[in-house]
Amino acid sequence: MSGHLRCQNVTVRFGGLIACNSVSLEVPRGKVIGLIGPNGAGKTTLFNVLSGFQSFDAGDIYYKDKSIGGLKPHHMAKLGIARTFQNINLFSDQTTLANILIGAHHRVPGALANMLRLPAASRFERSLVSQASAIADRLHLGGELDRPVRELPYGYRKRVEIARALAAEPEIILLDEPVAGCNDEETAELRELIRSINRDLGVTFLLVEHDMSMVMTLCDYIYVMNVGSNLAEGTPEGVRRNPDVISAYLGEDSD
């Protein structure tokens, strides 16, 4: 069965450097898929391609079996594809609520209605605030809605990024190193939150992550890249025991 989101033979060149060399992967609906590999493997480049931030030279991207190659990030969001970033990308002087609402920007009614403050626009804004509050509650941020993001602990800011992505009402969220910089407690909390969102809301996830404990305990299926190419794929147990993956990335002590 074709993936809900998939790329086929995607190649990206930066001058003479091939960052992605005919890479393919599939993200089935309702699953949590991992993308791992050593630094410089091409993971971030592929992630940027899948979310519309990076053009590509060959191959194509498909969503629900329709080509979406070349679409810009805001078009991706309208289709139902949201993403987070490795480096926290929030408006630090704005409140938690304001940052979450930014995720719903593509759903806001036309500028004219907002300028005229028409009743329909006001009702819609109240609805967005209500939805944002519910998302915050799910991510244990309900008590932080009026607090500037700069005042939040690091792990909470990571949650705000996920909350902002959820505000777009996505079918798929691309998570770029969601627990990078987090301590063990924050990592465990984020893992359970992602699992609950996947289980309860049916949101599909593709995540790039270096924390192997996180990947192995959360993901249904894993793709491994190395030097810009597909190296291996399989279940967490299969990937963990794959000799090519051990040699290139995990190390001999992976058992």
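View 1. Lys64 is found in the loop between S4 and strand S5 (66–67), where helices (H or I, at least four residues) and strands (E, at least two) are DSSP runs numbered from the N terminus. This is a predicted model, in which local features need pLDDT of at least 70 and side-chain atom pairs count only at pLDDT 80 or more, while totals for chains, interfaces and linings use all residues. Residues are numbered from 1 along each chain as its sequence is written, and side-chain values use heavy atoms, with hydrogens and water left out. Although Lys64 is not a glycine, its phi is positive, about 55°. Asp65 lies in the loop between S4 and S5, and its phi, near 65°, is likewise a positive value in a residue other than glycine. Lys64 is partly exposed, with a relative accessible area of 39%, and Asp65 counts as partly exposed at 48%. Buried means under 20% relative accessible area, exposed over 50%, and partly exposed in between (1.4 Å probe, protein chains only).

**View 2. The aromatic pair of Phe53 and Phe85.** A search of the whole structure finds two aromatic pairs. Rings of Phe, Tyr and Trp (its six-membered ring) pair if their centres lie within 6.5 Å; planes under 30 degrees apart count as stacked, over 60 as edge-to-face and the rest as tilted. The ring centres of Phe53 and Phe85 are 5.6 Å apart and their planes stand at 85°, so the pair is edge-to-face. Phe53 lies in the loop between helix H1 (43–50) and strand S4 (58–63), and Phe85 in the loop between strand S6 (81–83) and helix H3 (96–102), so the pair ties together parts that are 32 residues apart in sequence. Phe53 counts as partly exposed, at 44% relative accessibility.

**View 3. The aromatic pair of Tyr221 and Tyr223.** This pair is edge-to-face, with 5.5 Å from centre to centre and 65° between the planes. Tyr221 counts as partly exposed at 27% relative accessibility, whereas Tyr223 is buried, with a relative accessible area of 6%.

**View 4. The packing of helices H6 and H7.** Helix H6 (residues 154–166) and helix H7 (residues 184–201) pack at an angle of about 15°, with their axes 10 Å apart. Axes are lines fitted to C-alpha atoms, for helices over the stretch in contact, and angles run from 0 to 180 degrees between N-to-C directions. H6 and H7 are therefore roughly parallel to each other; angles under 35 degrees count as roughly parallel, over 145 as roughly antiparallel, 65 to 115 as roughly perpendicular and the rest as oblique.
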